[in-house]
Amino acid sequence: MTKEELLELISNKENQLSRAQVESNSWNKGKYKSSSKATVSKIFVSALEKEIKTLKVKLSESTS
């Protein structure tokens with residue numbers, strides 16, 4: 001994967017993370033906080049954060 005592709009992928013994932021965090025915050029408030037969707041949204045946000053971190057490591061390794 002080229003540096004440009006990694007940068008674009010990271011940008012897309014960060015946008016996706018931003019939207020997922022908003023949705024997760026909504027699901028984890030009020031009467032929905034014990035629903036399965038609230039749990040899944042937390043897991044999804046966590047997975048995106050981990051994936052972005054991994055991609056940033058790959059990017060730093062590819063520029064070294």
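In which helix does serine 24 lie? Serine 24 lies in helix α1, where helices are DSSP runs of H or I with at least four residues, strands are runs of E with at least two, and both are numbered from the N terminus.

## Basis of the model

This is a predicted model, in which local features need pLDDT of at least 70 and side-chain atom pairs count only at pLDDT 80 or more, while totals for chains, interfaces and linings use all residues. Residues are numbered from 1 along each chain as its sequence is written, and side-chain values use heavy atoms, with hydrogens and water left out.

## Helix α1 and its buried residues

Helix α1 covers residues 3–27, and its 25 residues should span 36 Å at 1.5 Å a residue, which agrees with the 35 Å between its end C-alpha atoms; the expected span is 1.5 Å times one less than the number of residues. Its buried residues are Leu6, Ile10, Lys13, Leu17, Ala20 and Ser24. Here buried means under 20% relative accessible area, exposed means over 50%, and partly exposed is in between, with a 1.4 Å probe and protein chains only. An α-helix has 3.6 residues a turn, so residues three or four places apart point the same way.

What covers these buried residues includes α2, residues 36–63. Serine 24 counts as buried because its relative accessibility is 7%. Leaving aside neighbours within four places in sequence, serine 24 is in contact with Ser41, Lys42 and Val45, contact being heavy atoms within 4.5 Å.

## Lysine 42

Lysine 42 has its place in helix α2, and, with neighbours within four places in sequence set aside, its contacts are Ser24 and Asn28. The C-alpha atoms of lysine 42 and tryptophan 27 are separated by 9.2 Å, although the two residues are 15 apart along the chain.

## The nonpolar core

The largest nonpolar core consists of five residues, namely Leu17, Ala20, Val45, Leu48 and Ile52. Such a core is a set of buried Ala, Val, Leu, Ile, Met, Phe, Trp, Tyr and Cys residues joined through side-chain atoms within 4.5 Å. Both α1 and α2 supply at least two residues each to this core, and α2 gives the most, with three residues. In soluble globular proteins, nonpolar side chains tend to be buried together.

Alanine 20, one of the core residues, touches Phe44, Val45 and Leu48 when residues up to four places away in sequence are not counted.

## Two salt bridges

A search of the whole structure finds two salt bridges, each defined as a side-chain nitrogen of Lys or Arg within 4 Å of a carboxyl oxygen of Asp or Glu. In one, the side chains of glutamate 51 and lysine 13 meet at 3.5 Å, N to O. Glutamate 51 lies in helix α2 and lysine 13 in helix α1, so the pair ties together parts that are 38 residues apart in sequence. Lysine 13 counts as buried because its relative accessible area is 17%, whereas glutamate 51, at 35% relative accessibility, is partly exposed. Beyond neighbours within four places in sequence, lysine 13 is in contact with Leu48, Glu51, Ile52 and Leu55.

In the salt bridge between glutamate 14 and lysine 56, the closest N and O atoms are 3.1 Å apart. This pair links distant parts of the chain, with glutamate 14 in helix α1 and lysine 56 in helix α2, 42 residues apart. Glutamate 14 is partly exposed, with a relative accessible area of 35%, and lysine 56 also counts as partly exposed, at 40% relative accessibility.
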